[in-house]
Every structure is written in C-alpha cells, then in structure tokens.
Amino acid sequence: MAAEVMLMNEIEAKAASMAIDLNIDFNSIQLPRGEDCGIVSDDEDVYHDDQLEFDSGFGNVIVVDNLPVVPREKFEKLEGVIRKIYSQIGVIKEDGLWMPVDPETKKTLGYCFIEYNTPQEAELAKEKTNGYKLDRAHIFAVNMFDDFDKYMRVPDEWAPPEIKPYTPGENLQKWLTDEKARDQFVIRAGTDTEVLWNDARQSKTELVYKRSYWTESFVQWSPLGTYLATVHRQGAAVWGGANTFNRLMRYAHSQVKLIDFSPGEKFLVTYSSHEPSNPHDANRVVINIFDVRTGKVMRDFKGSADEFTIGGAGGVAGVSWPVFRWGGGKEDKYFAKLGKNMISVYETETFSLIDKKSLKVENVVDLSWSPTDPILALFVPELGGGNQPARVSLVQIPSKVELRQKNLFSVSDCKMYWQSNGEYLAVKADRYTKTKKSTYTGFELFRIKERDIPIEVLELDNKNDKIIAFAWEPKGHRFAVIHGDNPRPDISFYSMKSSHNLGRVSKLTTLKGKQANALFWSPGGRFIVLAGLKGFNGQLEFFNVDELETMATAEHFMATDIEWDPTGRYVATAVTSVHEMENGFNIWSFHGKLLYRILKDHFFQFLWRPRPPSFLSAEKEEEILKYLKKYSKKYDAEDQDVSMLLSEQDREKRRMLKEEWEKWISEWRRASEEEKLERQKLRDGEASDEEEEYEAKEVE
C-alpha cells in the first residue's frame with residue numbers, strides 16, 4: 001500500500017511539472033458520432049443492427065386497472081382486498097402497492113401500481129389476474145408498467161413499412177453436396193467448439209469451422225441438420241451457411257437452460273426456470289415457442305414448476321423435458337402437453353387448443369406420439385387397488401377418436417416404444433406376480449398399419465428376466481432386447497414377420513452371456529452395436545443381424561457415448577469429461593474397424609450432423625440397389641486411387657525415416673573415426689574397439 005501511495009505521489013508530481021490536470025471528468029468527454037478510435041467492443045451484439053431493448057428497471061411493476069373508485073373511508077378496505085389477491089402470487093415489496101387519489105374528489109382513480117421482488121412474479125401476476133372478476137362491474141385489466149412506454153412510442157399516424165430489397169439467402173444444405181459424400185460432426189472441448197468433416201478414407205478430420213466461447217452451455221443440431229443452435233444467458237441462436245457458420249437468427253429468452261426443435265425445424269422451444277422470492281414457493285417456469293426463420297414468439301407458457309412436472313424423460317429443477325411432445329411427423333402440425341388428468345393438444349396454425357379444450361383422461365401419466373402419423377399413445381395406471389386395470393389407448397388427432405385400447409392387469413410400470421416408421425408400438429409392461437412380492441415383464445405389440453390394429457403378447461423364455469434395454473430396428477421389423485442379470489445378460493432378437501406367418505412375432509436368436517447394457521442400431525438397420533457402458537468399461541460388439549454373426553469385438557475404455565453417423569457407415573464412441581482421463585473420441589467403420597482416434601482434454605460433446613430424408617422415391621432407391629454394381633465401379637476406382645495415394649504417402653514416409661536413420665548412423669560413424677586415435681591413446685595403444693577382446697579387472 002505504501003509503495004502504491006509513493007507511486008501515485010510521483011505521478012502527481014510529474015503531472016504538476018508538465019502542467020497536466022489529472023482531475024478529468026470522463027463523462028464530459030464526447031467522441032464524434034460513430035467514432036470508436038479503432039477499438040472494437042468485445043461484445044459484437046452491442047453494435048448489431050438489431051438493437052435489443054434494454055431493461056428500463058420497471059420490469060417488476062404491474063398496473064391494475066378497472067378497480068372500484070372509492071372515497072377515503074373505504075380506501076384501506078380496498079387496499080386490503082387487492083393486497084390479499086396479489087400477495088398470493090409473489091412477494092410485494094414494502095410500500096410496493098400505490099393507489100393514486102384524485103386531489104379534488106379525494107377518491108381513488110380506479111387503478112393501482114404493484115411492485116414485486118422479481119420481474120417473473122410480476123409477469124405471473126399479470127397472467128393470472130388479467131380478466132379477474134372482482135364483481136360484475138369490475139373486471140381487472142392488468143399490464144406490465146414497461147408496456148406503457150412501448151405503446152406510447154407507437155406513432156399517431158400510420159406509415160407504410162420500409163420494403164427492403166430481396167437478397168437471396170445462402171444454400172443452407174450445401175454441405176450435403178460434398179463430392180466425397182462425407183458427414184460433419186460438432187465437438188466441444190474446453191472453451192472451443194469445432195465443426196469437422198469425417199474424412200474416413202484419409203483416417204482423419206478436416207476442419208470446417210472453429211470458434212472459442214461459441215456457447216455458454218451446450219450446442220444442438222436441428223433434426224434435419226440445417227441449423228446449429230447455441231445457448232447463451234440472453235437466449236438462443238441458430239447458425240448455418242453455405243461455406244461457414246453465420247448467425248441466422250437470435251431468440252431472446254433470459255437465462256434459457258434448455259431448447260428443443262420441432263421435427264420439421266419450423267419451431268424452437270426454449271425453457272428457463274427462475275427462483276421465487278419466497279423459498280417455500282415452486283420455481284417460476286417460462287417456455288417460449290419461436291418461429292425458427294422469423295424469430296417471432298408464436299406462443300408462451302408461464303407458471304410454477306409444479307405445472308410442468310408430469311411425464312417426460314428428465315429435465316432440470318424437477319421439470320420434465322421435453323415439456324411439449326411434437327406430433328404429426330415432419331409437418332409440425334401438433335404438439336401436446338401432459339397435465340393433471342388431461343392432455344392439452346395444440347395445433348400450430350393458430351397455436352390454440354384443438355376444439356378449444358383439453359382431452360380429459362383421468363390419472364394419465366404418459367403419452368407418446370407416433371413418429372409419422374397424428375396418433376397419440378396414452379398410458380393410464382391401475383386405480384382403486386387394482387379394481388380398475390391399467391390401460392394403453394391409441395387416440396387419433398384432431399378427431400380425438402380412440403382407435404384401440406388394451407387393458408393391462410396387475411401392472412406396476414409401463415413404457416412405450418414406437419418403431420421409426422410408426423408401423424409398430426411395443427408396450428413393455430412390468431406385472432406383479434400373484435403374491436405381489438416380485439414382478440415379471442412382458443410385451444404388448446401393436447401392429448398399427450393393419451386392420452383393427454391387432455395386438456400380440458410376447459413373454460421371454462424366462463419371464464422373470466429383468467429387461468435392461470429394448471430397441472427397434474430403424475425402418476425395419478426387428479427389435480432387440482437385453483435381458484437377464486448382470487454381469488453377463490443375454491441378448492435376444494425378434495422379428496414381427498416370421499417366415500411362415502407374416503402376422504406373428506418370432507424369435508431369431510439369443511446371444512448368451514454378453515457384456516452389454518445398451519443397444520445402438522445403425523440408422524439403416526441390419527447392423528447393431530452391442531455396448532457395455534459404465535460398469536462394463538466400454539466393451540463393443542459389432543453384430544450383423546441379417547447373418548446373425550459377430551463382425552468384430554473391440555473396446556473403448558471408459559466410453560460414455562456411442563452414436564452412429566446418419567448414413568450408417570461409421571460409429572463414433574466418446575469419453576466425455578465425466579471421466580478425468582482418456583477424454584476424446586474414436587471413429588469406427590460399421591463392421592468394427594478402428595479408423596482413427598483423437599484425444600481432447602475436457603471433452604464435453606460429440607454430435608453427428610443429421611441428414612434430411614432422401615428426395616428419392618422408394619422405387620428409385622430399389623432401382624439403385626438393383627444396379628449398385630454399375631454405380632459402385634466409379635467409387636471403387638476412387639477408393640483404389642485413395643488407397644494408392646495413401647500407400648505412396650506411407651512409402652514416402654518410410655523412405656524419409658530410413659534416410660533420416662542412415663544420416664544419423666553416418667554422423668556417428670564419422671565422429672567415431674575422428675575420435676579413434678584419442679580412444680587408442682586412452683587404452684595405452686590398443687587399437688581394437690570390440691569389448692569382447694578386453695578383460696575387465698577391479699583395481700583398488
């Protein structure tokens with residue numbers, strides 16, 4: 001501290017000797033308009049054309065209109081009523097309720113201002129009480145205080161909007177035209193996010209785009225691979241382009257934690273959770289649904305976390321995610337939310353409830369859309385101690401007609417699995433034994449495309465086996481089940497089309513005693529990776545289901561993630577930062593050959609870029625398969641050229657290593673010759689350098 005004072009004294013003395021006044025008012029300094037002295041802000045958004053609206057500081061204040069106009073003697077009673085209504089929603093600040101009075105009549109003016117601790121509580125109060133009926137003559141009109149300033153800025157006279165000249169956009173699908181037919185993937189490691197080509201022929205990656213601090217939590221591809229989404233404190237953003245990644249749109253949502261795209265990429269759902277002022281209250285949840293292209297909020301949902309906790313596969317702060325499930329295939333026509341004793345189904349033309357009301361289903365606990373058709377599968381558990389059985393129902397949307405129902409008795413738990421084409425639905429039902437002391441598992445298999453939707457019951461050979469994993473073959477009729485007890489469960493494969501009877505399920509084979517607890521089908525079917533994650537330390541078995549044979553076995557020690565590329569040619573296995581060591585990823589061929597390995601410290605994410613469905617018809621694809629040999633000649637020649645190039649590169653590498661070795665040897669020989677006389681002198685005139693010709697003696 002003393003040194004700092006001495007330094008400051010020296011500076012002041014120097015300034016005084018040069019007649020410089022150090023008492024500068026920096027606020028009085030004005031730069032010329034548009035001048036930045038060559039120093040650009042680190043925050044690119046500050047100078048972005050679309051200026052964000054800054055918080056005015058009144059985001060936690062609401063205005064309640066249409067209150068009764070009362071004299072002084074009834075003032076306290078009215079204030080007490082209002083305080084009682086609004087304190088149930090959030091914590092009102094001290095002196096946070098102000099009701100203006102007319103100075104002439106001494107009566108209230110019919111409105112009041114209420115200040116909450118947080119903006120989230122104010123928004124909730126507006127949502128809950130706007131339109132609240134105090135009595136016949138007084139229906140509350142509630143607005144945010146900030147909205148008044150926004151509406152006051154609207155000009156009195158209408159002016160036609162400025163028509164911007166059309167500028168053609170970039171081809172966001174250009175990456176699909178890669179001459180080498182490669183796929184892209186994104187990785188996050190440390191502070192860097194990279195998009196890379198998988199150049200499997202060359203056994204390496206090729207950089208497409210790299211950026212530090214691109215996201216604050218995670219990245220996510222859109223379902224058809226058009227956009228890469230990043231998440232920030234101010235909201236989310238999507239990126240894309242023909243040759244690089246430009247920001248295409250931003251979606252303002254403060255403290256966003258989770259995002260979800262609709263299957264057809266038309267809409268983006270964002271989620272945030274905010275802690276209440278009162279610790280006894282549930283978190284405040286805000287969900288926005290944006291139009292991906294325009295960035296416009298199509299619908300928002302706000303409420304306590306308790307309203308969003310039913311169903312789902314997992315989320316944050318007790319809220320299930322995704323809250324909304326999308327239906328109707330790639331057209332993004334419908335989305336549904338599970339509620340208490342009801343299912344709310346919305347259509348995306350007006351973003352309102354179908355028929356303006358929810359579907360009433362007592363005690364419903366789960367729902368699942370068909371991947372291709374507007375059909376909802378619902379599960380209702382047992383009621384009344386088993387007097388009312390559990391049931392699975394299939395409901396057509398928008399008519400809400402029940403297509404099929406199956407009652408399930410003595411059920412403790414149930415999970416639903418749709419096949420990717422929507423042709424089959426498997427319902428895994430865990431049932432109690434007669435003694436109620438244990439459970440066993442069976443499957444109810446629905447044939448959705450067949451008349452009257454027939455249902456088959458499937459039980460394992462040993463029905464007491466625990467089910468560890470289940471997975472449908474994509475676009476196929478087969479499924480795999482891992483069952484039994486650790487450490488070496490069995491894996492069974494079944495087909496919905498037996499050779500003798502197309503309408504009966506049949507078992508293809510059972511693989512005994514496998515070190516596997518997860519199933520990863522190729523997107524094209526036929527091949528599957530039987531993986532042993534977590535406790536099995538990354539055991540991998542590449543299996544051909546057509547031939548019912550193992551193609552290869554391998555290990556990626558401590559692997560945490562496995563993902564097929566969208567074409568089914570390559571498999572990525574990764575060790576993420578949940579482990580401190582061996583972070584990075586491996587790329588394998590579909591038949592289990594390790595192509596290359598890349599280590600990355602603090603490795604967080606690996607995601608293949610999805611591909612949109614092919615534009616080719618089923619007939620055209622069959623024709624290509626029929627004449628595949630003709631098409632493959634071109635690619636075989638390319639592969640041969642690449643192989644020869646790699647061989648030539650290997651030979652050149654070996655030649656350079658040999659030359660380097662010979663050069664090193666010759667240098668040592670030359671040094672040895674130069675030192676020969678010196679060595680002979682040290683050995684008392686003996687000329688030989690061979691150790692075998694000498695006898696070692698110890699001399700004290």
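Analyst: Relative accessible area is classed as buried under 20%, exposed over 50% and partly exposed in between (1.4 Å probe, protein chains only). The model is predicted, so local features need pLDDT of at least 70 and side-chain atom pairs count only at pLDDT 80 or more, while totals for chains, interfaces and linings use all residues. Residues are numbered from 1 along each chain as its sequence is written, and side-chain values use heavy atoms, leaving out hydrogens and water.

User: Is Arg83, which forms a salt bridge with Glu79, buried or exposed, or partly exposed?

Analyst: A salt bridge here is a side-chain nitrogen of Lys or Arg within 4 Å of a carboxyl oxygen of Asp or Glu. For Glu79 and Arg83 the closest N and O atoms are 3.4 Å apart, and both residues lie in helix α2 (residues 75–87), four residues apart, about one turn of the helix. Helices (H or I, at least four residues) and strands (E, at least two) are DSSP runs numbered from the N terminus. With a relative accessible area of 32%, Arg83 is partly exposed.

User: How many residues apart in sequence are the parts tied together by Arg569 and Asp183?

Analyst: Arg569 forms a salt bridge with Asp183, with 3.0 Å between the closest N and O atoms. Arg569 lies in the loop between β39 (561–564) and β40 (570–575) and Asp183 in the loop between α4 (145–152) and β7 (184–189), so the parts tied together are separated in sequence by 386 residues.

User: Which residue of that pair is buried?

Analyst: Arg569 has a relative accessible area of 30% and is therefore partly exposed. The buried one, at 1% relative accessibility, is Asp183.

User: How many salt bridges does the structure hold?

Analyst: One of them joins the side chains of Asp413 and Lys415 at 3.4 Å, N to O. Asp178, Lys180, Arg182, Asp199 and Glu206 are linked in a network of such bridges. For the structure, the number of salt bridges is 38.

User: How many disulfides does the count come to?

Analyst: A disulfide is a pair of cysteine sulfur atoms within 2.5 Å. Cys112 is buried at 0% relative accessible area, and Cys414 is buried at 7%. By the distance rule, the count of disulfides is zero.

User: Which helix gives the most to the nonpolar patch?

Analyst: Patches take residues with over 30% relative accessible area and no salt bridge, joining like charges within 9 Å and nonpolar side chains (Val, Leu, Ile, Met, Phe, Trp, Tyr) within 5 Å. Leu625, Tyr627, Leu628, Tyr631 and Tyr635 form such a nonpolar patch, with about 510 Å² of accessible area together, by the Shrake-Rupley method with a 1.4 Å probe and only the protein chains shown as cover. Tyr635 is partly exposed at 42%. Three residues of the patch come from the helix that gives the most, residues 628–674, which is α6.

User: Where is the cis peptide bond that involves Ile397?

Analyst: Omega of this bond is about 15°. The proline lies in the loop between β25 (390–396) and β26 (401–408). The bond joins Ile397 and Pro398.

User: Is Asp355 buried or exposed?

Analyst: Phi of Asp355 is near 60°, a positive value in a residue other than glycine. Asp355 lies in the loop between β21 (352–353) and β22 (359–360). At 52% relative accessibility, Asp355 counts as exposed.
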